[in-house]
Amino acid sequence: MTSLLTKKRASGILAHITSLPAPYGSGDIGVSSYRFIDFLAESGQTYWQILPTGPTSLFFDSSPYMSSSAFAGSSLLISLDMLVYKKLIEPSDLLPPFDFSDYFVDFRSVSNYKQKILKKAFSRFRTSLQQEYLLFKEQVHWLDDYALFMTSKDIHRQKPWYQWPRELATHLPAACETIRINHAQLYEYYQFEQYIFHSQWSELKGYAAKKQIQLIGDIPVYLGLDSADVWSKQELFELDSTTLKPLRVSGVPPDYFSTTGQRWGNPLYDWNSKDPQVQEQLLDWWCERFTAVFKLVDVARIDHFRGFESYWAIPATEETAVKGTWLKGPGTAFFEKIRTRLGNLNIIAEDLGEITQDVIKLRDAAGFPGMKVLQFAFDGVSDNPFLPHNFSTPHCVVYTGTHDNNTTLGWFLSADLNDEIRKTIKKMANRELHDSSPIHEDFIFLALSSIAELAIIPLQDLLGFGGDCRMNTPGVANGNWMWRCAPEFLGQERAEWLAELTRRFNR
């Protein structure tokens with residue numbers, strides 16, 4: 001398999017949609033995204049990387065990596081201004097009950113505010129169902145199960161699906177039909193939400209293409225247990241047939257950072273099923289998932305790529321990840337079958353953490369570029385593969401940091417580093433420790449000047465923000481994903497600075 005990621009050196013910015021400036025408490029796929037695409041074009045960039053765009057849950061701190069669907073879009077990202085343009089609501093409907101912050105997302109308040117407006121738009125929409133909507137319902141294979149799932153969640157007071165009545169919990173056709181008939185309006189509302197999201201996204205993607213900006217999406221390997229996909233495709237997962245709960249769950253073993261490992265708790269795909277039909281259904285499902293993702297974006301990053309080579313399986317009864325077992329994933333044959341069906345795919349393999357030679361072989365056999373994170377480069381080891389001069393191939397993507405890292409400024413000033421390490425870091429950019437050059441600009445210089453075919457800069461690093469602006473702190477359950485960029489920071493001066501540096505290094 002050959003990656004078609006880029007034909008020349010390029011660069012881009014990592015910024016999730018909710019982080020963009022917008023008047024309704026959160027960035028969305030309307031004006032805020034269009035303006036950011038303009039900013040990217042003015043900055044000389046080619047790529048915009050985002051986090052997963054699926055529906056999120058307040059129960060999971062609104063993490064985009066714990067979605068209720070692998071296919072649906074988040075209603076939080078729907079543009080209200082575009083609903084006004086389509087005459088589904090009035091401008092007066094947009095008056096928020098209070099002032100939203102420019103600096104963080106209050107997910108509960110924003111969600112409640114948007115849901116009220118979307119339901120008002122739905123009431124008006126129902127009076128004149130459009131042909132495009134009816135066609136969307138016919139063509140989108142996952143829509144029925146998603147709408148059934150969300151409707152059933154509402155009916156059963158947000159209980160997880162495995163606590164619903166048995167007939168519905170096991171996805172029996174008669175029970176599903178009862179939901180469609182008895183709760184038709186609610187069922188149709190969730191279909192409407194997805195129609196609006198995907199219609200708006202299609203327009204946004206078209207605008208990005210006109211501006212020669214490519215979108216990079218994100219595919220979490222695992223799914224949340226309480227999701228439409230696990231509920232509707234139970235045969236594809238390791239679930240107990242009685243309790244409907246996982247037999248084993250996902251995670252990673254103990255390492256330098258954690259003596260008990262990480263117990264993520266997602267259900268595991270039944271990759272090693274002895275039933276060949278299950279193997280074929282898993283392949284079908286992943287083909288459908290890739291097809292859906294590449295309708296939204298041009299490139300996709302696979303989070304926890306190593307799970308396709310081998311994965312840590314933890315007995316569901318265990319409270320930590322210590323007593324897990326490495327099991328073989330679907331491997332090279334899986335991606336060869338994907339290529340046979342779908343052709344070459346533009347995929348970035350997230351190959352961070354404890355990576356074995358077998359994982360590297362799988363990545364290279366598939367032709368996917370891996371990731372190089374500059375914040376991981378300075379451990380005092382001269383052959384550290386994340387040091388720019390040690391990159392063994394241009395076929396990689398370099399990041400100053402990721403959504404899981406502290407900002408570069410926050411990291412550089414943190415207690416995790418001492419002055420000797422800071423001195424080494426500055427020297428790598430041909431600077432002295434007390435040189436006045438900002439560390440985030442030094443890191444951007446290192447990334448753009450490297451041989452990596454693609455360089456991605458988190459928006460916080462471009463703007464030189466500190467640790468209070470980091471997106472996520474792994475292992476911390478609350479207070480993540482909230483950061484927003486106020487509108488005054490995306491100015492012409494930053495765009496011109498980045499554009500000049502981008503030209504200098506032929507990106």
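Predicted model: local features only at pLDDT ≥ 70, side-chain atom pairs only at ≥ 80, totals over all residues.
Residues are numbered from 1 along each chain as its sequence is written, and side-chain values use heavy atoms, with hydrogens and water left out.

Me: In what order do the 8 strands of the open sheet stand?
Reply: Strands (E, at least two residues) and helices (H or I, at least four) are DSSP runs, numbered from the N terminus. Two strands pair if DSSP finds at least two bridges between them. Here the pairing is parallel, and the order is E9-E6-E3-E2-E1-E12-E11-E10.

Me: Which strands stand at the edges of this sheet?
Reply: An edge strand here has a single partner strand, so one side of it is left without a neighbour in the sheet. That describes strand E9 (347–349) and strand E10 (370–373).

Me: Which residue in E12 is the bridge partner of Ala10?
Reply: Strand E1 (residues 10–14) runs parallel to E12, and 5 bridges join them. For Ala10, the partner in E12 is Leu454.

Me: Which residue stands opposite Ala455 in E12?
Reply: Strand E11 (residues 396–399) is also parallel to E12, joined by 3 bridges. Opposite Ala455 stands Val398.

Me: How many residues of strand E12 are buried?
Reply: Buried means under 20% relative accessible area, exposed over 50%, and partly exposed in between (1.4 Å probe, protein chains only). On one side of E12, Leu454, Ile456 and Pro458 are buried; on the other, Ala455 and Ile457 are. The strand (residues 454–458) is therefore largely enclosed by the rest of the structure, with a buried count of 5 of the 5.

Me: Which residue in E6 does Asp218 stand opposite?
Reply: Strand E3 (residues 214–220) pairs with strand E6 (residues 299–303) in the parallel sense, over 5 bridges. Opposite Asp218 stands Arg301.

Me: How many disulfides does a search of the whole structure find?
Reply: A disulfide is a pair of cysteine sulfur atoms within 2.5 Å. For Cys485, the closest cysteine sulfur is in Cys469, at 8.8 Å, so it is too far for a bond. The search finds 0.

Me: What is the relative accessibility of Cys485?
Reply: Cys176 is buried, with a relative accessible area of 2%. Cys485 counts as buried too, because its relative accessibility is 1%.
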